[in-house]
Structures are given as structure tokens and as C-alpha cells.
Protein chains: 2
Amino acid sequence: MLAVEKHMFKSLFGGLVLVFALAAAQATSGQVADDRPQFDGSKLVRPVNYREWVFLGAGLGMTYSENAGSGPQSFTNVFVNPSAHRAFLKNGTWPDGTTLILEIRASASEGSINKGGHYQTKVVGMEAHVKDARLPGGWAFFNLAGPGGLVAGAEPLAPAQASRCVECHQEHGAVDTTFVQFYPTLIDVARRAGTFTDDAAPARR
Amino acid sequence: MLAVEKHMFKSLFGGLVLVFALAAAQATSGQVADDRPQFDGSKLVRPVNYREWVFLGAGLGMTYSENAGSGPQSFTNVFVNPSAHRAFLKNGTWPDGTTLILEIRASASEGSINKGGHYQTKVVGMEAHVKDARLPGGWAFFNLAGPGGLVAGAEPLAPAQASRCVECHQEHGAVDTTFVQFYPTLIDVARRAGTFTDDAAPARR
């Protein structure tokens, strides 16, 4: 082989290896890297694809107050980014880069063939709970809806607004200030990992 | 370069290209290829990772009968395999290889800090609705739970058992015999694609 041919062959080889390595890296890391919280300055960018994330649980008309009003009940769906979910399954707690989305939907009862009970309709609210080392305290809450509907991004709730959320999550969250006691697929994972705070567990009924 | 060196180099080169190509192919096709229905003979293998699939909606105590009992209400969560979801977003209908999982969970009301409403607890039932060209008629229903809990796999429901499901889904399913009218993120996708049967839509409330 001539020197020039050797060089060409090495370049071709190196180039191909690079192409395949990049393709493999992009393909394998795509899921992991893209779902971390994105900030625009200090605003959390509302994730647009959270409905393709992992569903953790749904509630209907859940309330933490004895004096809840008697208005129409809403559904609350909780989703988490896939990379954080994979880390939780492994370690029983949330990694840096966790985003929990609380999607609030109106409920309807009679429609189409349904004669009773409740099903989900339009989005009426959205909140995020984010764990990111860039946030003071490591976690923050964000309100991703305003009077005009969903917003493109939001600042963390100010301390005065957030204090009720923070205190309640710190006091009652089963794992790392989150309400894992209401996410049935994660309860045993956290128990096995020893990260579950038992006094926050739902009463057995 | 000696002939033997050339041969080794070519083998090494070919081997490396093969390794990278396989890695890239596996990484890119992993999501798409692995979520199609798997059969063991004529039995559908119960998918074990459906909780990482796409959540379509939840109901509580939904009933299609005027004479529903007054027993405890269950939650019904519906999940679909990601490749079928991607195809639906593109075409407004389900591709061959669609699996819809109906996960039935018990509900609880008072537990931990919750004072009202309902949240989800243990799995009490599971059904699948599968579109696969290998099935007679293209679609079939499967009961993935038995008296002892979830089963590893199940035959399609026999015609006598399935006829009530089939008739109701054919008559009232908004898209391709499925109840898209209860999956709020898909309704507009199907309307835009012209695949939504409007007379099955929920009443506006």
C-alpha cells in the first residue's frame, strides 16, 4: 500500500468510525439527555412532550384540606421525565434533572356512551416540581399556567407563594419531598431502597 | 503491508464497522421495534413495561351501563405502545402492531395527607386491545388477569365473550373501534386527520 493510500484508508476508517460512534451515541443518549429541565435565563421552559414521559398516577378531586369546596372535581395526572424515572427505579430517589409535571384536567361524566363515573377532558392547569442543582435549595415549584392558559415558561414560585408547597412537601412527601405515597408503581421501589418515609404512607384501606 | 496484516486490518475494520452499525441500529430501532405485540403461539405475552408507554387517559368509575352497581369505584388507566402513538400522531389512526392496555386500579380516598377525592392504589385488572394482521379480523381483546392476579399471557377472548366488547367498540369507538373520544390528547389529531367519528364524541359539558 502506498503512503497516500494508507493515509486515505486511515482517514476513511477514522471517518467511518466517527460517523458510527456519533450515530450510536446520539441514538442511545437521545432519550437521556433531552429530557432534563431547560431554562431560559431563570425561567423553566415548559416541556412540550411531557405526555410522552412516564405516567406516575392520577387522582380525582384530591384535596389536602378538610374544608375543600364543593366545586367540580378535577383530575390530576403526574408525569416524570424518563431519565429521572430510570434513576428512581435504580436508586429509589430522584436524580438531579428531575421534572415532575402535575397536569390538571377537567372531568366530565355523561358523554358518548359513558353513563357514570368520570373521564378526563381539557387541561385547566399545570405545575412543575423540578430538582436541579442550579436552583436555590435544589428543588423548586413552577406554575406553568396563567389566566390566558399555559405559558411558555415560568420563574420559580417566589418564597411567599412557595412556602405552603415547600412546607407540606417537606413534611409529608414520602421520598425526597415528593408524594411517592400516591405513585403506586414507585412505593415498593422506594421501600426496597430504604428511601421511603413510612409515616407519610397512605392509610391502608 | 504484508498480506496477513492487510487481512487482519480488513477484518478489524469490517468488525468495527459491524459493531458500530449494530450499536447504532439497535439504539435507533430499540424503541420502535421492541414495543410491537409479542405472541407465544396464539397467546399474547403480557407486556411488562407498559407503564413506560404513552398514557392516554384515566377514568374513575366509568360505566357504560345505566344499572351500574354501587360498589367501590375503580380507576382505569389506558396506555399505548410508543410506536403506535407516533403513528397515530402522524396519521390519526392506529397502525398494525398497536397494543392498548387498560390497567384497572383500586381507588382510595383518605390516606396520608389526602382528605378527599380519590387516588390510585393496587392493580385489580388488566385488559389489552391489540391490532395485528395475524389476528382474525385484525383486532382482538385479551384479559390479562385471572383469579390469581395478572397472567403471563392470554388467548384472544373467544367470540362468545368478546362479542359484547366488539359490538360496542365497533358501534361507539370514535376511531378504528377505539374510544379515542376519551383520550383528550388524540381527539384533535383524529379530527384533523378526518378519522374521528363525530357521533361518538362526548357531549360538551
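In helix 4 of chain A, the buried residues are Pro184(A), Leu186(A), Ile187(A), Val189(A) and Ala190(A). The model is a predicted one. The cover over these buried residues includes strand 3 (54–63) and helix 2 of chain A, together with strand 5 (98–108) and strand 6 (116–131) of chain B.

**Chain A overall**

- Chain A contains four helices and 10 strands.
- Read from the N terminus, the order of elements in chain A is α-β-β-β-β-α-β-β-β-β-β-β-α-α.
- Of the 205 residues in chain A, 44% are buried.
- Contacts between residues at least 6 apart in the sequence of chain A include 53% that join residues at least 24 apart.

**Helix 2 against helix 4 in chain A**

- Two packed helices are described by the angle between their axes and the distance between the axes.
- For helix 2 (residues 82–91) and helix 4 (residues 184–193) of chain A, the axes come within 8 Å and cross at roughly 45°.
- Angles under 35 degrees count as roughly parallel and those from 65 to 115 as roughly perpendicular, and helix 2 and helix 4 of chain A are therefore oblique to each other.
- On the helix 2 side of chain A, the residues in contact are His85(A), Phe88(A), Leu89(A) and Asn91(A), and they meet Leu186(A), Val189(A), Ala190(A) and Ala193(A) of helix 4 of chain A.
- Sorted by class, the contact of helix 2 with helix 4 in chain A has six nonpolar residues, two polar residues and no charged ones.
- Leu186(A), Val189(A) and Ala190(A) belong to this contact, and these residues are also among the buried ones of helix 4 of chain A.
- An α-helix has 3.6 residues a turn, so residues three or four places apart point the same way.

**Helix 2 against helix 4 in chain B**

- In chain B, the axes of helix 2 (residues 82–91) and helix 4 (residues 184–193) cross at roughly 45° and come within 8 Å.
- Helix 2 of chain B is therefore oblique to helix 4 of chain B.
- Helix 2 of chain B contributes His85(B), Phe88(B), Leu89(B) and Asn91(B) to the contact, and helix 4 of chain B contributes Leu186(B), Val189(B), Ala190(B) and Ala193(B).
- By class, this contact in chain B is made up of six nonpolar, two polar and no charged residues.

- Strand 3 of chain A, part of the cover of helix 4 of chain A, pairs with strand 6 of chain B in the antiparallel sense over three bridges.
- In that pairing, Gly116(B) of strand 6 of chain B is opposite Thr63(A).
- Strand 5 and strand 6 of chain B run antiparallel and are joined by 10 bridges.
- Gln120(B) in strand 6 of chain B has Ser107(B) opposite.
- Strand 6 of chain B is also joined to strand 7 (residues 139–143) of chain B, antiparallel, by five bridges.
- Phe141(B) in strand 7 of chain B is opposite His129(B).
- In a regular strand the side chains alternate between the two faces of the sheet.

**Three-stranded sheets**

- Chain A has an open sheet of three strands in the order 1-2-10, with antiparallel pairing.
- Strand 1 (39–40) and strand 10 (153–154) of chain A are the edge strands, each pairing on one side only.
- Strand 1 of chain A pairs with strand 2 (residues 43–45) of chain A over two bridges, in the antiparallel sense.
- Opposite Asp40(A) is Lys43(A) in strand 2 of chain A.
- In chain B, an open sheet of three strands has the order 1-2-10 and antiparallel pairing.
- Strand 1 (39–40) and strand 10 (153–154) of chain B each have a single partner strand, so one side of each lacks a neighbour in the sheet.
- Two bridges join strand 1 of chain B to strand 2 (residues 43–45) of chain B in the antiparallel sense.
- Phe39(B) has Leu44(B), in strand 2 of chain B, as its bridge partner.

**Cys168(A)**

- Helix 3 (residues 159–172) of chain A contains Cys168(A).
- Cys168(A) has a relative accessible area of 21% and is partly exposed, because buried means under 20%.
- Between the C-alpha atoms of Cys168(A) and Thr197(A), 29 residues apart along the chain, the separation is 14 Å.

Technical notes
Residues are numbered from 1 along each chain as its sequence is written. Chains are lettered from A and ligands numbered from 1 in the order in which they are written. This is a predicted model: local features need pLDDT of at least 70, side-chain atom pairs count only at pLDDT 80 or more; totals for chains, interfaces and linings use all residues. Side-chain values use heavy atoms; hydrogens and water are left out. Two strands pair if DSSP finds at least two bridges between them. Axes are lines fitted to C-alpha atoms, for helices over the stretch in contact, and angles run from 0 to 180 degrees between N-to-C directions. Angles under 35 degrees count as roughly parallel, over 145 as roughly antiparallel, 65 to 115 as roughly perpendicular and the rest as oblique. Contact means heavy atoms within 4.5 Å. Ala, Val, Leu, Ile, Met, Phe, Trp, Tyr, Cys and Pro count as nonpolar, Asp, Glu, Lys and Arg as charged, and the others, Gly among them, as polar. Buried means under 20% relative accessible area, exposed over 50%, partly exposed in between (1.4 Å probe, protein chains only).
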